[in-house]
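Dear colleague,

Please find below the structure I promised to hand over, together with its sequence. My notes on what was found follow directly after it.

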Amino acid sequence: MGRIFIWVVMVGIFLCCSFEVGLCNSDVPPPLPLVPLPTAKQLKWQQREMVMFLHFGMNTFTNREWGTGKENPQWFNPKGLDTNQWAKVAKEAGFSLVILTTKHHDGFCLWPSKYTNHSVKSSPWKDGKGDVVKDLSVAAQGQGVDFGVYLSPWDRYEPFYGKELQYNEFYLGQLQELLTKYGPISEVWFDGAKGDNTTMTYLFSKWFALVRELQISANIFSDAGPDIRWVGDENGTAGSTFWSTINGSSLKIGEASIEGYLNTGDPYGTDWIPGECDVSIRPGWFWHPEEKPKRLSKLLDIYYNSVGRNCVLLLNVPPNTTGLISAEDVERLMEFTNAINTIFSVDLAASTSITANSVRGEAFAPANVLDTDLWTYWAPKDHKNRRTTNWICLESKEAMEFNVVRIQEAVGLGQRVMKYGVYAFGVDGKKRMLVSNGTTIGYKKLDRLKKPVKAYKVMLVIWKCRGEVPLISSFGLHFDPFYRGE
Ligand code: FUL
């Protein structure tokens, strides 16, 4: 009898183990993706984190921000133009994509467009034989940096402007030149600015269709997407709540009333249109001799308010009248990049032991938050009750001193988190302290703490999310020596 009992117990244990092992192995399906989802090219773009904008053109020589279209092409003469320097600076500063203003509102083209004489071909630069777009596309390729173009819809020179069909055809012609002559184009930037009273309807859908046809891997930016959206301001600040999801059908390019909506997005949005924060390293978009680059602390604020709020930072670095990125801008840019590397190259979470309230299975283990792969993540088990709180906890033998919390969602499967908090244990003798909290996370959320915190245990609690469960791809703790608190 005793033996039979032992046998029953052993078989029971065996079955339980097999069942557990089975659960922990590949049998547990991943959580269903939660629509809308990013496309592969949107995800690739998001992971660039920073893109360099280059505003260069007639305004550089007239010392203006918006030209009138009455400028003389003879004024464009950058004696030392070196696009290799631009591309090298971009590369060294950690930018994997540069976007050039090939034509700004004044209508002057940086390439010898066949549709107008108002271009480099009428300038003294290289005796009218130069092509800045070509030079930069080649230089960027040489550095392994991708290339994108800005082509202003608003054109104050072009006589067709204001004649709906002709101007739209003219614009399509210029776009066609840019999309066929300069190799792969990764992003096309459509500016919503339209600053005078001329009535002009842009046929955006035709323009976008041309980009799709000629450069299938290009992301299209405009106020309203379709691939990348404006965040509603030009100071590099996304909303502290920022959804990559939004209702595309409610967006209209050039419409001021949507700026607030663009700045936060919409948890119930039907389209995935992530945000790009455009801002200049200087007060103006173009280079002006009297202006200076922003301070490092300001650039870092911009970084936390853009990349740290689920967006990409599009930082403008304008070349000067010589045709070079000025030494002081290069210096500031390198300080900025080095600061980011200093802050994020050490992750205190890396040497902690990690636990969670619930684990979906082995493939979704909490330790997945330590690698840099966006597709590996911690996932709890599905809950019947969506109000269930989930948590993940980092524990260290040594006290961890940090003032930045980094959280990332596995956004390839949708953006989910709606409300979270971060607790530190063992801070200033207190048992438990809420050190940061927020709403959305998305691709990346960076929370700066008012002052550094020393703790042995740090817990991320997800209070509310879209879908069944949150999927946390990364959770890190960093020390930012440049931040003095608010
Ligand atoms: C704005 C333009 O008016 C500025 O000059 C600049 O090009 C900026 C990126 O977009 O709408």
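In which sense do strand β2 and strand β3 pair, and over how many bridges? In this predicted model, β2 (residues 97–103) and β3 (residues 146–151) run in the parallel sense, and six bridges join them. One of the bridged residues is Lys-103, whose partner in β3 is Leu-151.

Both strands belong to a closed barrel of eight strands with parallel pairing, in the order β1-β2-β3-β4-β5-β6-β9-β10. From one strand to the next, the twist averages 25°.

Helix α4 (residues 83–92) packs with helix α10 (residues 327–344) at an angle of about 20°, and their axes are 10 Å apart. The two helices are therefore roughly parallel, since angles under 35 degrees count as such. On the α4 side, the contact involves Gln-85, Val-89 and Glu-92; these meet Val-330, Leu-333, Met-334 and Thr-337 of α10. By class, four of the contact residues are nonpolar, two are polar and one is charged.

Finally, the cysteines. The count of disulfides is zero. For Cys-393, the nearest cysteine sulfur is that of Cys-465, 19 Å away, whereas a disulfide requires sulfur atoms within 2.5 Å. Cys-393 is buried, at 2% relative accessibility. Cys-465 is likewise buried, with a relative accessible area of 14%.

With kind regards

Definitions and conventions. Residues numbered from 1 in each chain as written. Predicted model: local features only at pLDDT ≥ 70, side-chain atom pairs only at ≥ 80, totals over all residues. Heavy atoms only, no water. Buried < 20%, exposed > 50% of the residue type's maximum accessible area, 1.4 Å probe, protein only. Axes fitted to C-alpha atoms, helices over the stretch in contact; angles between N-to-C directions. Helix = DSSP H or I, 4+ residues; strand = E, 2+ residues; numbered from the N terminus. Parallel < 35°, antiparallel > 145°, perpendicular 65-115°, else oblique. Contact = heavy atoms within 4.5 Å. Nonpolar A, V, L, I, M, F, W, Y, C, P; charged D, E, K, R; others polar. Pairing = 2+ DSSP bridges.
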